[in-house]
Amino acid sequence: MIDILNNNPILLLFLVASLGYLVGSIKIRGGALGVAGVLFTGLVFGGIDARLQIPEIILQLGLSLFVYSIGLSSGPAFFHSYKKNGFQDILFIASMLVLSGLFAAGLWFLFGFSAASIGGIYSGSTTNTAALAGLLDMIAQAYPADESSKIAQDVVVGYSFSYPMGVLGGMIAIVVMEKLLGIDYEKEKQLLRKDYPLDEGLTTSILEITNPEITGISLRDLFRKYNWHVVFGRTYHNGEIKLVNYDTILFPGDLITILGNPEEISIVEKVVGRISDTKVFGDTTVFDARRIIVSNPYVAGRTIASLNIHEKYNLIITRIRRGDIEMLAKSHTVLELGDSVRITARKQDLDELAKLFGDSYLESSKINLFSFGLGIGLGLILGNIEFSFGGDISFKLGFAGGPLVVGLFLGALRRTGPIVWALPYSANITLHQIGLILLLASIGVRSGNAFVQSFSIEGLWIFLASATISLLTAFSILFIGYKIAKKPFTLLMGMVANQPAILDFATNKARNRIPEYGFSMMFPIALISKIVIAQILFLLLR
């Protein structure tokens with residue numbers, strides 16, 4: 001069997017992926033490893049026989065697909081967060097990275113590791129392959145071949161033994177700290193829904209206007225005064241149903257449909273009147289509602305206001321469903337391929353509106369191979385550019401940093417002229433999962449043999465050192481970030497997730513995508529910083 005798997009790496013890949021996914025679905029005390037089970041299954045197979053290997057190009061492909069898809073989906077929220085918090089986020093992330101380097105230097109002093117070993121331990125415990133590659137390249141250029149080979153071996157040994165604990169440490173810290181800090185993920189979700197695209201728990205109600213003080217005031221002025229986070233639909237005034245616009249004026253006795261989460265609706269109710277159980281809006285003789293899928297590239301990547309459809313049609317777009325997320329439709333909301341928009345309009349206009357938006361599930365699920373290939377290509381080109389700080393310190397963004405950085409920028413742009421960069425939601429999730437499975441299966445098998453060897457005396461000390469760095473760093477980020485910097489724990493989990501398996505674990509814990517935004521905020525800065533810190537550690541301790 002080993003010979004068969006050795007000669008068929010693709011068979012090995014899918015065997016590890018399928019068994020790993022099965023292992024990850026097993027729940028223990030309500031929790032499960034999720035897709036991280038693929039990594040640990042790979043470790044088992046790699047530990048059985050050192051000959052079992054998955055080609056490196058599979059790892060590179062998985063890594064590029066994973067980070068690029070993350071970048072595209074996280075780009076808008078990434079730049080919104082930095083625009084909102086500015087230097088505060090950068091300072092916090094940089095401080096935590098420097099702290100992890102100080103932990104590594106302290107262990108060098110306590111345990112007497114060589115500079116090469118501690119450089120490898122730091123790279124492995126922070127699961128940063130780019131830092132390992134940069135350190136090895138620096139050593140190869142700075143020392144003669146025979147000497148650099150021996151030094152490089154110590155680096156690789158330190159990295160290989162510490163990498164598995166780099167993954168486990170983040171998961172352990174998340175589980176421990178969520179209990180110590182009493183984290184309520186649902187409460188955090190409710191607080192963050194205005195800043196991040198999360199499901200808003202929308203419901204529809206009918207309000208009867210009873211407050212005479214709002215008579216003669218347009219909805220535009222009411223929104224400006226009260227900053228309501230709701231959408232109004234139709235009104236019933238003097239026996240006639242009409243669609244609402246910002247110039248609509250309400251009168252006592254009028255009825256109006258309102259869409260929002262229950263808390264926001266309650267706020268509006270206190271100002272305008274009371275909830276009504278009337279069935280008057282069941283009349284669809286003139287106006288009707290329909291869900292229409294966005295599949296027309298012309299519409300994708302544009303705000304609702306920029307489409308200028310209100311000039312031609314009497315309509316209201318009330319809500320948008322993106323994957324499992326349902327959100328209010330605002331004038332500044334950007335539409336994406338695969339969105340399901342709910343439109344209320346005149347019955348005779350709905351077919352024309354369906355043609356405008358596309359309304360094709362098939363088309364909305366396709367990938368534009370031109371924009372996708374161009375984006376990935378630009379990311380790989382950026383990843384291969386070498387940046388130098390002078391002296392012996394240089395780095396490349398590599399297969400992880402290049403596609404991620406490009407993905408973040410293109411995701412924020414969404415479109416450039418006729419080119420739509422953003423992927424349909426379903427396609428993005430699929431590529432995300434495929435890339436993650438390829439990546440974790442490859443890393444697991446490649447690291448398995450070294451993990452088994454770590455149970456030697458030398459390996460045990462390295463394993464303990466890596467556990468110390470990984471746990472201290474993760475605990476520091478979660479505690480300092482939550483208690484002192486006052487950041488949401490859900491976002492901090494993504495910052496701790498310096499490896500895709502940890503990110504998937506954190507996302508499953510939170511049951512929303514906020515950890516992905518934390519990951520996107522941390523990863524570009526962390527990637528570069530860890531490359532530099534690993535080389536500085538080696539130079540100073542050498």
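**Loops, helices and enclosed spaces**

Ser295 lies in the loop that joins strand 6 (287-293) to strand 7 (315-322), where helices (H or I, at least four residues) and strands (E, at least two) are DSSP runs numbered from the N terminus. The model is a predicted one, in which local features need pLDDT of at least 70 and side-chain atom pairs count only at pLDDT 80 or more, while totals for chains, interfaces and linings use all residues. Residues are numbered from 1 along each chain as its sequence is written, and side-chain values use heavy atoms, with hydrogens and water left out.

With a relative accessible area of 10%, Ser295 is buried; buried means under 20% relative accessible area, exposed over 50%, and partly exposed in between, with a 1.4 Å probe and protein chains only. Which residues surround Ser295, once its neighbours within four places in sequence are left aside? Ser295 is in contact with Leu337, Phe357, Gly358, Asp359, Ser360, Glu363 and Ser364, a contact being heavy atoms within 4.5 Å.

In helix 12 (residues 350-357), the buried residues are Leu350, Leu353, Ala354 and Phe357. Because they cover an arc of only 105 degrees around the axis, they are on the same side of helix 12, the arc being that of the directions from the helix axis to the C-beta atoms. The cover over these buried residues includes strand 6, strand 7 and strand 9 (340-346). Gly358 follows helix 12 and has a positive phi, near 110 degrees.

The loop between strand 6 and strand 7 also holds Asn308, which is partly exposed, with a relative accessible area of 44%. Most residues other than glycine have a negative phi. Asn308, although not a glycine, has a positive phi of about 55 degrees.

Elsewhere in the chain, helix 11 (residues 262-272) has Glu264, Ile265, Val268, Val271 and Val272 as its buried residues. They cover an arc of only 120 degrees around the axis and therefore lie on the same side of helix 11. These buried residues pack against strand 1 (203-209), helix 10 (219-226), strand 2 (231-237), strand 4 (255-260) and strand 5 (273-276), whereas Pro262, Glu263 and Lys270 are exposed on the other side of helix 11. At the start of helix 11, a side-chain oxygen of Asn261 comes to within 3.0 Å of the backbone nitrogen of Glu263.

Thr248 belongs to the loop between strand 3 (240-243) and strand 4, and is buried, with a relative accessible area of 14%. A polar atom of the Thr248 side chain lies 2.9 Å from the backbone nitrogen of Asn245. Not counting residues up to four places away in sequence, Thr248 touches Ile217, Ser218, Leu219, Thr235 and Leu243.

Where is empty space left inside the model? Rolling a probe the size of a water molecule over the atoms shows where such space remains. The structure holds 2 cavities of 30 Å³ or more. On a 1 Å grid over the protein atoms alone, a cavity is a set of points where a 1.4 Å probe fits but cannot get out, and lining residues have an atom within 4 Å of a point; grid points are joined across faces, edges and corners, and a volume is the space filled by probe spheres set on the points.

The largest cavity contains about 160 Å³ of space, and among its 17 lining residues Thr473, Ile477, Val496, Asn498 and Lys530 lie nearest its centre. Helix 17 (457-484) is one of the helices that each supply at least two residues of this lining, and it gives the largest share, 5 residues. The second largest cavity, with a volume of about 30 Å³, is lined by Ala300, Gly301, Leu335, Glu336, Leu337, Arg414, Val420 and Ala422.

Lys486 lies in the loop between helix 17 and helix 18 and is exposed, with a relative accessible area of 63%. Although Lys486 is not a glycine, its phi is positive, at about 60 degrees.

Methods. 1 Å grid on protein atoms, 1.4 Å probe; cavity = no way out; pocket = protein on both sides within 12 Å on 5 of 7 lines; lining within 4 Å. Polar contact = N/O pair within 3.5 Å; in protein donor to acceptor, adjacent residues only side chain to side chain.
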